[in-house]
Amino acid sequence: MWATFTKFILDLKQNHSGATLIYFGLAFPVIAGFAGLGFDATMWYMEKRVLQNVSDSSALAAAYSISKGDEANEVEIAAKYDAEVNTFTVGGSNTMVVANPPTSGPYVGQDRYVMVTTTTPALGVFSSVLGVGTGTINTKSTAGILALGEHCILALDHTMDKALEFTGTSNVDINCGVASNSSSNTSIYLNGSATLTANPSAQAYGDIYQGGNASLNVPNPIQPFSQRSPDPYENLAVPSDPAGCTETNLTVKKGDPNPVPGRYCGGLRFGAQANVTLAPGEYIIDGGDLTVNAQATIRGDGVTLILTGDNPADIGNVKINGGADIELSPPTSGDYAGVTMYQDRRALAGGNNDILGGANMIMNGAVYFPSQEITYSGGSASVSTCLQIIGNKVTFNGNAELFNDQSTCDLYGVKAIERTLVTLVE
């Protein structure tokens, strides 16, 4: 049969009448097939680009899920839901594998990273003329949570306007980052003539507002609409011992003996001219306020001041007046390592705690008020070497300089608040 076909072609060469048309007719399927193959290759490339975008977006969604502390099944759901939003339906011939931690590549075995692999058929519409079978388009994306430094100021509330606020003529200069977990459009709020100089940056779950003549100076890009920062002391509990009252309604005056670690029922007050050195330990203020008046002098290393009460309404507030001379640092070990001041998280919302110590206040360690507001003004000369301020709301009113030294924070055992960024890494 092949011999017959060959003879037919040779005869065509001898007979030029209509031969070109016949040649073209015989060659057309091959020409069309190769042209179609080029068209299909272009389509495959475009489909791969689209699928890569789907894979990238799903990996980022999964990484954000990890940053919120979600379980493995929730991380997978987040990735596949994002794919659906991007019109890629997982199932049948479309597959998506979500691996946390990644099973290959440079981030293999690292829990803060997730790898998303997707596949879809590569259909050859024209190239099928040449008998080219169906192929597969594969993509892979890896996203994760990068640690880019540390915050020392954190507002915890999830919805409050101005959760982290710098107003008036406050001038705050800190060599650490600031963060707010609020979803508000004024999550971090600067107005008036306030100036904030922070290093490395400012990070908010919502937006960062800058109005009036306010100035925000950071060496790195700000991070609005970012992930929330974790609460490093969310599991901190109030001590139960001692159960009995060491003192009741104690006011320390000039010349009085130093208070000792224990439970101070009804509050603890330091009057003007009081001059005390606190021994290391826990000072539990039960059912009352902690008040430090102007011209009082308080010293203490290895000290934790804890406000609590039998009922949430009984939990007191802190009032440190301007002009107080304070030098406090936290214990370096034990349950309260790194914590200088802690208000029971059961405290009623809406309360305010004023730390207005003035130029002679040096406070190191964590100041932790998870349910209420902290208003802080340390004075332009009060330079702490490791101060961490965490409150449901944090307001700066006046001048403050916080030049945190990481080695000092490590020495005290202060828990880090990581400045993180969810991003594609591969």
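Seven salt bridges were counted in the predicted model, a salt bridge being a side-chain nitrogen of Lys or Arg within 4 Å of a carboxyl oxygen of Asp or Glu. Side chains of opposite charge can pair when their charged atoms come close. The model is a prediction in which local features need pLDDT of at least 70 and side-chain atom pairs count only at pLDDT 80 or more, while totals for chains, interfaces and linings use all residues. Residues are numbered from 1 along each chain as its sequence is written, and side-chain values use heavy atoms, with hydrogens and water left out.

One of these salt bridges joins the side chains of Glu165 and Lys393, at 2.9 Å from N to O. Glu165 belongs to strand 4 (residues 164-166) and Lys393 to strand 26, so the pair ties together parts that are 228 residues apart in sequence. Helices (H or I, at least four residues) and strands (E, at least two) are DSSP runs, numbered from the N terminus. Glu165 and Lys393 are both buried; buried means under 20% relative accessible area, exposed over 50%, and partly exposed in between, with a 1.4 Å probe and protein chains only.

A salt bridge is also formed by the side chains of Arg263 and Asp286 (2.9 Å, N to O). This pair links distant parts of the chain, with Arg263 in strand 13 (residues 262-270) and Asp286 in strand 15 (residues 281-286), 23 residues apart. Arg263 is buried at a relative accessible area of 6%, and Asp286 is buried at 13%.

In the salt bridge between Lys319 and Asp354, the closest N and O atoms are 3.0 Å apart. Because Lys319 lies in strand 19 (residues 318-320) and Asp354 in strand 22 (residues 352-355), the pair ties together parts that are 35 residues apart in sequence. Lys319 is partly exposed, with a relative accessible area of 31%, whereas Asp354, at 15% relative accessibility, counts as buried.

The protein chain contains four helices and 28 strands. Of its 426 residues, 46% count as buried.

Grid points are joined across faces, edges and corners, and a volume is the space filled by probe spheres set on the points.

The largest pocket holds about 360 Å³ of space. Its lining comprises 18 residues, with Tyr64, Ser67, Lys68, Tyr205 and Arg228 nearest the centre. Two or more lining residues come from each of helix 2 (19-67) and helix 3 (72-85), and helix 2 gives the most, with four residues.

The second largest pocket has a volume of about 180 Å³. It is lined by 18 residues, of which Glu150, Cys176, Asn404, Gln406 and Cys409 are the closest to its centre. Strand 3 supplies the largest share of this lining, three residues.

One cavity of 30 Å³ or more was counted.

Notes: On a 1 Å grid over the protein atoms alone, a cavity is a set of points where a 1.4 Å probe fits but cannot get out, and a pocket is an open set with protein on both sides within 12 Å along at least five of seven lines; lining residues have an atom within 4 Å of a point.
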